[in-house]
Amino acid sequence: MMTRMVMQRIGIGFATLIVVSIIVFIATSILPGDVAQIVLGQSATPETLAALRAQLGLDQPGYVRYFLWLGNMMTGDLGISKAGGATISSLIGGRLGNTMMMAGFVALISIPISIALGLWAAMHPGTMLDRIVTFGTLSLISVPEFFIATVAVLILAVNLHWLPSTAYMTGEETFVELMKALAMPLITLVIVVSAQMIRMTRAGILNVMSSPYIEMAILKGVPRGRIILRHAFFNAIGPIINVIALNLAYLVSGVVIVETIFAYPGLAKLMIDGVQTRDLPLVQACAMIFCGTYVVLILIADVGSILSNPRLRNPK
Amino acid sequence: MKDDKSKSELNYQDLTQSDKDLVAKLVRGGFSRREVLKLSMVTGVSLVAAEHLLFDGKAAIAATPKKGGSVRMASNLHGPDDQLDPILFTSTIDYTRGRATYNSLVQHANDLTPQPELATSFEPNANATEWTFKLREGVTWHDGSKFSADDAVYSMNRHLGENTTSVINSVLKSIKEFKKTGPYEMKAIMNSPNSDLPTLMGLFQTKIVKEGSTGGGIGTGPYVLDSFQPGVKSVHSRNNNYWREGANLDAIEITAITDPVARVNALISGDMQMVTQIDPNAFRQVESADNVTLLSTPAALQLGICCLKNSEPGSNDDFVKGMQYIQDRKRIVKRVLKGKGSLGNDTPISFAHGPDFCKELPQREFDPDKAKFHFKKSGYSSAELFVAPVTSGVEDMCLTAQANCAKIGFDLKLKKVPTDGYWGAVWMKEPLNVVTWNMRPTANSQLAIQFGPGGNWNDTFWNNDRMGELLRLSLAETDPAKRHDMYCEMQTLVHNGSGMVIPAFSNINDGIANNIMGMPTVPLGQLGGNEWPEFIWLA
């Protein structure tokens, strides 16, 4: 039963990837200008445009280019960047590592903090601490990340000189130096994603707390902490896992603003650059990676919520 | 006598480090009367003495270079299209990497005169149908092999011909081909005489690569390329076999920070030692920081509005006149460019072009009454201008024009569009659009590119036969007075007849750390025309 569901999900995910690739292909074709025009820019002439288009194979019709690309992709060949001439895998390689590293560190810090704070707030609803957490998270959700990032740079880098203002990596730093270089984007992203996860944890648990079986436990005289940890948490875990998965996917694909402000060479910025230069193979490759990440993480979240729920785990 | 007395009052050498930094800052900022006053107040010396300090400081800054240290430079743009192939260079980051890695035949000095680089001499024959370049012997590539005429001829011919993708192909149209005439000698065979040829041999894209290659980072230049990740960074270390003095730093790292605020923060917090393109809004922040200097180089970086002559409303001369008279030029320079710029006179030539600039041509002033008269005569009461932030200040310039138009009852609509795709979709297509051009090294190439009849980038579609004739004649003219007259006539033609509105020129504004010495001031691009890698050193 379980296996069948997982296979089904993988199938749907695969179809999603194909649809996304077609949409991305069409969308980049609609944009004004092609890669030859963007590369030559203001200094384009009809002759150099034609020469460069022929060199890049852009004189072939769109559907031919699409299927050529799809075929190569299936065999693991991501192709060559139309704009710079480097292989896409070399462009993506290092950046995928950077993105994963950043997402990993943020997850390691933010998930334990969020669940702990969310649980704490749920255990003591209406207290001062709960109000501080609620108010704080609400405010942070409402503030855009570029604002948090800019304020953090102003205070920690420009005024106090504690941390570097950009996440500039030399590639030879020790772990401590690496942490220092990454500190600013890490702080920004932890704040941004934690706020949402804390609220979801608190809300999920308080929701379960109002159900009859919890009332029964309270009437039996079970201590509140025990009720939450033993009875409520596992029933609330489904939505919590889902919000964590969505935030992780966001960390992989959606942090372009943070990457730009801190000049961090990650994947999201690469995709934007790809769009700006109309570098179709590059945009496609990034879109596939992002879409794949979403599919995998949501699959894991689904499986996780089924495992945590006996009614779904053992259907009649 | 007064001078002698005040000089003994205080010497540059006696200053504390922070005062020396202040002097260095003023020297680089191009000191004004007000700044001299400031120095006089800070150091507590008389005005005359303060002026002396500045001149002493200037000498100290030009002192003998020291070896060692490293520098990180952040440009404003980079991406997967970063190049190592010189013929496709289009951005500051490419030019800088090119300067660090390769050499050209000719190099531009601060005053734009052509200097020998890989070519030791360049001479035309009597009727200028051929130019002979003698090439430097004893130069080696980074891989150890020897540089010869084969490499130079191959590299230069890559710009010519039908199937080239070179971005400067049309600039070099006057050249038929390059020919090897000896192991260290080559000739340029011309289609038409061109007295500016040596200058063209120093363009960013004319870097010399190894025969048969597309660059690939193997050059003869001052720095060896250690690593290169497009859209991330490149690392360069000193070429210990460099064929001349220069290459003072142990290493340089070249990257970009696209966000303007983040770029300034990185400079001030010391993460970067050099950054390009300081936004006018950040001038004060950079100027008031202790450890960095705002480097403002006067240049002919035009903020332009193109009124296309082949479509309405630009085809109507009165409309263009109205657009020209409604520009509050002084206010644009003072408020929009925060003083780091100069007045434009609706021609692309500024004083930064040197003797070819026509200072006799009367400056067109802000005159709402004349503008109202011409707009009325043109019959138009509204128009739509396409605006993208192609260079800093352009949007604010158009907003200023819009406000002034409203006052005289003309409705100038601004259609804001992104820079992404602008050069393909808007520029030279929409009837009214904004434009900027990198400053070209000669007045002739600057005028030819935008106003040559039938040219690829004649961006107002203004075709004037006399203009074409003068562009040709001036290249062959050797008498300075006659040459100047021709350039004046051309600028007058553009000023009066074309569809171009150029209210102002921006300086090139970059930021550098105070301990960087020996900065060149070539006005052709960011950070001293991208020439800094060879020259700078750390104090």
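Residues are numbered from 1 along each chain as its sequence is written, and chains are lettered from A and ligands numbered from 1 in the order in which they are written. In this predicted model, local features need pLDDT of at least 70 and side-chain atom pairs count only at pLDDT 80 or more, while totals for chains, interfaces and linings use all residues.

**Exercise 1. Describe the make-up of chain A.**

Step 1: Start with secondary structure, where helices (H or I, at least four residues) and strands (E, at least two) are DSSP runs numbered from the N terminus. Chain A has 14 helices and 0 strands.

Step 2: Turn to extent. A box of roughly 85 × 60 × 35 Å along the principal axes holds the C-alpha atoms of chain A.

Step 3: Look at burial. A residue is buried if 20 or more other C-beta atoms lie within 10 Å of its own, exposed if 12 or fewer, and partly exposed in between, with C-beta atoms placed from the backbone. Of the 316 residues in chain A, 38% are buried.

Step 4: Now take contacts, meaning C-beta atoms, placed from the backbone, within 7 Å. Among contacts in chain A with a separation of 6 or more, 71% join residues 24 or more positions apart.

**Exercise 2. Locate the largest nonpolar core.**

Step 1: A nonpolar core is a set of buried Ala, Val, Leu, Ile, Met, Phe, Trp, Tyr and Cys residues joined through C-beta atoms within 7 Å. The largest has 107 residues, and A:Ile205, A:Leu251 and A:Cys286 have the most contacts inside it.

Step 2: Helix 8 (residues 175–209) of chain A supplies the largest share of this core, 15 residues.

Step 3: Leaving out residues up to four places away in sequence, A:Cys286 touches A:Leu267, A:Leu270, A:Met271 and A:Gly274.

**Exercise 3. Characterise the chain B side of the interface with chain A.**

Step 1: The contact joins 35 residues of chain B to 41 residues of chain A.

Step 2: Helix 8 (260–268) and helix 14 (422–425) of chain B each supply at least two residues of the chain B side. The largest share, 5 residues, belongs to helix 8 of chain B.

Step 3: By class, the chain B side has 12 nonpolar, 18 polar and 5 charged residues.

**Exercise 4. Is B:Phe373 buried, exposed or partly exposed?**

Step 1: B:Phe373 is partly exposed, because 16 other C-beta atoms lie within 10 Å.

Terms used: Two residues are in contact if their C-beta atoms, placed from the backbone, lie within 7 Å. Ala, Val, Leu, Ile, Met, Phe, Trp, Tyr, Cys and Pro count as nonpolar, Asp, Glu, Lys and Arg as charged, and the others, Gly among them, as polar.
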